[in-house]
Amino acid sequence: MTVRYTAVNGTTFSDDDIERWGEQAERSYTGAHLGPSVPGRPVSVGEQAKPFTLRLDAARRAKLEDRAQEQNTTASQIMRELIDAM
């Protein structure tokens, strides 16, 4: 018995369709769209890590984003580095 699914737009498909689409995607995947990695949130920050929110006006946020872009990094990484330098 073939199970049929219905997409939000009304198109129906089966498990066989999903398998076929997956195989097509795997064959065409080259990874060419991936660029160099940039520093950011550590992969493993530990169980004690918690988010920290900082409200900035538009001018300060723009300065931070500009600096991050100049250094090819993220605003979060810049803030981590500033805290580490204290």
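Leaving aside neighbours within four places in sequence, which residues is threonine 73 in contact with? Hold that for a moment. First, the ground rules. This is a predicted model.

Now the overall layout. The chain has three helices and two strands. Along the sequence they follow the pattern β-β-α-α-α. The chain has 86 residues, and 12% of them count as buried. It exposes about 8100 Å². Carbon and sulfur atoms supply 53% of that area. On contacts, take pairs of residues at least 6 apart in sequence. Of those contacts, 28% join residues at least 24 apart.

Back to threonine 73. It sits in the loop between α2, residues 58-70, and α3, residues 75-84. Its contacts, with those neighbours set aside, are Pro39, Ala68 and Ile78. Is threonine 73 buried or exposed? Its relative accessibility is 16%. The cut-off for buried is under 20%. Threonine 73 therefore counts as buried.

Next, the aromatics. The structure holds two aromatic pairs. One of them is phenylalanine 13 with tryptophan 21. How do you describe such a pair? You give the distance of the ring centres and the angle of the planes. Here the centres are 5.6 Å apart, and the planes make an angle of 50°. The pair is classed as tilted, because stacked needs planes under 30 degrees apart and edge-to-face needs over 60.

How do the two partners compare in exposure? Phenylalanine 13 is at 18% relative accessibility, so it counts as buried. Tryptophan 21 has a relative accessible area of 40%, so it is partly exposed. Zoom out one step.

Last stop, the surface. Which residues form a nonpolar patch there? They are Val3, Tyr5, Ile18 and Trp21. Together they have about 340 Å² of accessible area.

A word on valine 3. It lies in the segment before β1, which covers residues 4-6. Its relative accessibility is 39%, so valine 3 counts as partly exposed.

To recap. Threonine 73 is a buried residue in the loop between α2 and α3. Phenylalanine 13 and tryptophan 21 make a tilted pair. Over to you.

Conventions:
Residues numbered from 1 in each chain as written. Predicted model: local features only at pLDDT ≥ 70, side-chain atom pairs only at ≥ 80, totals over all residues. Heavy atoms only, no water. Helix = DSSP H or I, 4+ residues; strand = E, 2+ residues; numbered from the N terminus. Buried < 20%, exposed > 50% of the residue type's maximum accessible area, 1.4 Å probe, protein only. Contact = heavy atoms within 4.5 Å. Patch = residues over 30% accessible without salt bridge, like charges linked within 9 Å, V, L, I, M, F, W, Y side chains within 5 Å. Areas by Shrake-Rupley, 256 points an atom, 1.4 Å probe, with all protein chains shown as cover. Salt bridge = Lys/Arg side-chain N within 4 Å of Asp/Glu carboxyl O. Phe/Tyr/Trp six-rings, centres within 6.5 Å; stacked < 30°, edge-to-face > 60°.
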